[in-house]
Amino acid sequence: MVALSTLAELRIGGPRFARIELNNELTADVLPPPEYLVETNMVILAMLGPARAGQADQLAQLVAQEQKLHQDYSQRLTYWQTKLTDPELRDLLLTRSDQAAQSYFAMAEDRYIPLLQQGRVDEAED
């Protein structure tokens, strides 16, 4: 009886599975995935305000946040390199999409952020 009750609770489609599935859906709705650079773009654009106002501490916090988002992106990319087996999806995510993402990170970290840190906001905006 205990075994049947436990199996009923834990089976796919069971109440516990439904709660886990619902929590995963909620997390996906609330948090942007690391492979999606919308949050990174928001943080990078938010750097303009503190840079214009000469608020080096706030700018440094945003730079640290961008670096963490870049690290999260890289970690998830590594994960998908080991898990993704479909050749078409591998090409889309691990080659084409990643090339654009790496270009974006390089421009932000090698050009944009240094210009902001030097107070050259107009150049950074361009």
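## Aromatic residues

Y73, Y104 and F105 make up one aromatic cluster in this predicted model. The number of aromatic pairs comes to 3. In one of them, Y79 and W80, the ring centres lie 5.0 Å apart and the planes stand at 80°, so the pair is edge-to-face. The rings of Y104 and F105 are likewise edge-to-face, because their planes stand at 70°, with the centres 6.4 Å apart.

Y79 is partly exposed, with a relative accessible area of 34%, and W80 is partly exposed at 29%.

H70 is located in helix α5. Its relative accessible area is 15%, and H70 is therefore buried, the cut-off being under 20%. Leaving aside residues up to four places away in sequence, H70 touches Q102, F105 and E109.

## Packing of α3 against α5

Helix α5 spans residues 56–83 and packs with helix α3, residues 38–46, at an angle of about 160°. The axes of the two helices are 9 Å apart. Angles over 145 degrees count as roughly antiparallel, and α3 and α5 are therefore roughly antiparallel to each other. Their crossing is left-handed.

On the α3 side, the contact is formed by E39, T40, V43, I44 and A46; on the α5 side, by L62, Q65, E66 and L69. Classified by residue type, this contact has 5 nonpolar, 2 polar and 2 charged residues.

How values were computed
Residues are numbered from 1 along each chain as its sequence is written. This is a predicted model: local features need pLDDT of at least 70, side-chain atom pairs count only at pLDDT 80 or more; totals for chains, interfaces and linings use all residues. Side-chain values use heavy atoms; hydrogens and water are left out. Axes are lines fitted to C-alpha atoms, for helices over the stretch in contact, and angles run from 0 to 180 degrees between N-to-C directions. Helices (H or I, at least four residues) and strands (E, at least two) are DSSP runs, numbered from the N terminus. Angles under 35 degrees count as roughly parallel, over 145 as roughly antiparallel, 65 to 115 as roughly perpendicular and the rest as oblique. A crossing is left-handed if the near helix is turned anticlockwise from the far one by less than a right angle, and right-handed if clockwise. Contact means heavy atoms within 4.5 Å. Ala, Val, Leu, Ile, Met, Phe, Trp, Tyr, Cys and Pro count as nonpolar, Asp, Glu, Lys and Arg as charged, and the others, Gly among them, as polar. Buried means under 20% relative accessible area, exposed over 50%, partly exposed in between (1.4 Å probe, protein chains only). Rings of Phe, Tyr and Trp (its six-membered ring) pair if their centres lie within 6.5 Å; planes under 30 degrees apart count as stacked, over 60 as edge-to-face and the rest as tilted.
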